[in-house]
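Let's take a walk through a protein together.

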Amino acid sequence: IVMKLSEVVENLLKAKKHGFHGFVEVTIPGQSDTEFIVNKPESIINKIEYYKKTYDERGIHMHCSDIKIVDAGAFEWDR
């Protein structure tokens, strides 16, 4: 399952709007489980720009097709 880049951006912008951390879940080559990337609300815009440069609209990494975005969303960091 791959998440479209437009959905990733939409979910991360919602996280920022509500002051939540954003996450992106990706597949990793040679790993059977996925990995979560976490960003503070203040960093989300920079990360969106990175994802737009690095992933195609299907959510697949442009330099390594084994890396795919499978989910993105918001969560509240419990401190």
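Accessible areas here come from the Shrake-Rupley method with a 1.4 Å probe, and for residues only the protein chains shown count as cover. On that basis, the protein exposes about 5100 Å², with carbon and sulfur atoms supplying 51% of it. What you're looking at is a predicted model, in which local features need pLDDT of at least 70, side-chain atom pairs count only at pLDDT 80 or more, and totals for chains, interfaces and linings use all residues. Residues are numbered from 1 along each chain as its sequence is written, and side-chain values use heavy atoms, leaving out hydrogens and water.

Now for the overall build. Along its principal axes, the C-alpha trace spans about 30 × 25 × 20 Å.

How much of the protein is buried? Buried residues make up 34% of the 79, where buried means under 20% relative accessible area, exposed means over 50%, and partly exposed is in between (1.4 Å probe, protein chains only). As for contacts (heavy atoms within 4.5 Å), take those between residues at least 6 apart in sequence: 62% of them join residues at least 24 apart.

Next, the charged pairs. A salt bridge is a side-chain nitrogen of Lys or Arg within 4 Å of a carboxyl oxygen of Asp or Glu, and a search of the whole structure finds two. One joins lysine 14 and glutamate 10, at 3.5 Å from N to O. Both residues sit in helix α1 (residues 5-17), four residues apart, or about one turn of the helix. Another salt bridge pairs arginine 58 with aspartate 56, their closest N and O atoms being 2.6 Å apart. Arginine 58 counts as exposed, at 52% relative accessibility.

Finally, look at the surface around Trp77. Phe36, Val38 and Trp77 form a nonpolar patch there, with about 320 Å² of accessible area together. Tryptophan 77 lies in the segment after β3 (69-75) and is partly exposed, with a relative accessible area of 44%. Patches are made of residues with over 30% relative accessible area and no salt bridge: like charges are joined within 9 Å, nonpolar side chains (Val, Leu, Ile, Met, Phe, Trp, Tyr) within 5 Å.

Definitions and conventions
Helix = DSSP H or I, 4+ residues; strand = E, 2+ residues; numbered from the N terminus.
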